[in-house]
Amino acid sequence: MTKELTHMDIDNQNITAPAPPPLPSPLKNFIAGGVGGICLVVTGQPLDTIKVRLQTQNVKAGEAPLYRGTFDCGKKIIQREGFRGFYKGMATVLIGITPIIAISFFGFGVGKKLQTTDVKQELTLPQIWNAGMVAGVFTTVVTVPPERVKCLLQIQTGGRKNSKYNGAWDCAKKIYLEEGFFRGFYRGTAATLLRDVPASGAYFMSYEMLLRYLTPEGESRAHLNPLRFLVAGGTAGVIDWIVAIGPDTLKSRFQTAPPGTYTGIRDVFRKLVKQEGITALFKGLTPVMIRAFPTSAVCFLGYEVTIQALNALW
C-alpha cells in the first residue's frame, strides 16, 4: 500500500507519522464489503433467526410463551426443523448483502466529503459519527425489502408443507401480490431509519475510535495484527446493537404483523409497552449480544483484509 507521510513537530522533536489512508475506491468498497458481509451472514444467521423468533412471538395473558429464552428457542428449532431452520431467509440476505455493504461504505464516504474537501484530513470522531449516520440513510433504501422477506421467513415455525412461503422468491411474490410493491416491500421504512441512522453512526465511530487507540504511534493500520481488527470490529458490533435493539424490535413486529394490526411505528411502540412492558423492547437481546461480537469482528476483518489485498493488486 502506498503511504504518504506528514511531519509534526512535537516537543521540539521531528516525528514522522503516517497520514490517514485515502478513501478506497467505490469498486474496492463493493468487493471488500461483500466479502465482509458474507462472513457476517454465515456466522450470525442462526442467532439472528432466534432473535426474530423471540421478538415476534406474542405472549397472551395466562398462556406460556412458545420460547422461554434464547437456548430454549434454539433447542426447539433443532428439534422441529433441524439445523436448516436456523438458516431460513439467509439466501435473501446473501443476495442483498454485497450492494448493502457497498452502499453503506459509499454513504460513509459521502458523509465524510460533506464535512471536508481534503481526503487526507483525519476527521474528528463526531464527524465520523455524522458520516456513519449518512451511511445509515443510504442503506435503508436497499435494506428494507430483503429484511421484510427475511423476517417473514424466519417466523415460520412449521415444516415446508405447513408454511405459507416456500422460500425467498415465493415470499417476495406473495408480498407483491397481496400488498403491492412499496406498501409491501417498504413496510417498516421509518422503523429501519430509526434503527440504522443512530446505530450506523455509533458503529463507524466506535470502530474508528478503537482502531486509532489500537494503532501504535507512528504505524499504519495496514500493518496491524488481524486480532486488533477483530477486537475493534467486534466491540463496534456490540455498541451498534446496544443502540439498535429497541428500534429493531419495533421494526420486526411491524414488518411481520398482518396488515391493519398497527397504524404505524408509534402504534407498535404504544401497544407493545402497554401489553408487555418496556422490557419487551429488548426481546432477543441475548442472541444479539452473543452474535454481535463475532459477526462484526469477522465482517471488519474480511473487509480490511480484502481492501489490503486489492490495494496490493492495483
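Me: What counts as a contact here, and what share of the contacts with a separation of 6 or more joins residues 24 or more positions apart?

Reply: Contact means heavy atoms within 4.5 Å. In this protein, residues 24 or more positions apart account for 73% of the contacts with a separation of 6 or more. A caution on the source: this is a predicted model, where local features need pLDDT of at least 70, side-chain atom pairs count only at pLDDT 80 or more, and totals for chains, interfaces and linings use all residues. Residues are numbered from 1 along each chain as its sequence is written, and side-chain values use heavy atoms, with hydrogens and water left out.

Me: How many helices and strands are there, and in what order do they run?

Reply: Helices (H or I, at least four residues) and strands (E, at least two) are DSSP runs, numbered from the N terminus. The protein has 10 helices and two strands. From the N terminus, the order is β-β-α-α-α-α-α-α-α-α-α-α.

Me: What percentage of the residues is buried?

Reply: Buried means under 20% relative accessible area, exposed over 50%, partly exposed in between (1.4 Å probe, protein chains only). Of the 314 residues, 50% are buried.

Me: How do I read a pair of aromatic rings?

Reply: Use the distance of the centres and the angle of the planes. Rings of Phe, Tyr and Trp (its six-membered ring) pair if their centres lie within 6.5 Å; planes under 30 degrees apart are stacked, over 60 edge-to-face, the rest tilted. The count here is 10 aromatic pairs. F83 and F86 form a tilted one, 6.2 Å centre to centre with 45 degrees between the planes. F83 is exposed at 59% relative accessibility, while F86 is buried at 8%.

Me: Why is the pair of F181 and Y186 tilted?

Reply: Their planes stand at 55 degrees, with the centres 6.2 Å apart, so the pair is tilted. F181 is partly exposed at 41%, and Y186 is partly exposed at 25%.

Me: Which residues do ring pairs link into a cluster?

Reply: F108, Y203, F204, Y207 and F300.

Me: Which residue lies over the face of F254?

Reply: A charge sits over a ring if NZ of Lys or CZ of Arg is within 6 Å of the ring centre and within 35 degrees of the ring normal. R187 lies over the face of F254, 5.0 Å from the ring centre.

Me: Where does R253 lie, and is R253 buried or exposed?

Reply: R253 lies in helix α8 (residues 226–256). R253 is buried, with a relative accessible area of 5%. Beyond its neighbours within four places in sequence, R253 is in contact with residues including Q55, N58, Y262 and E276.
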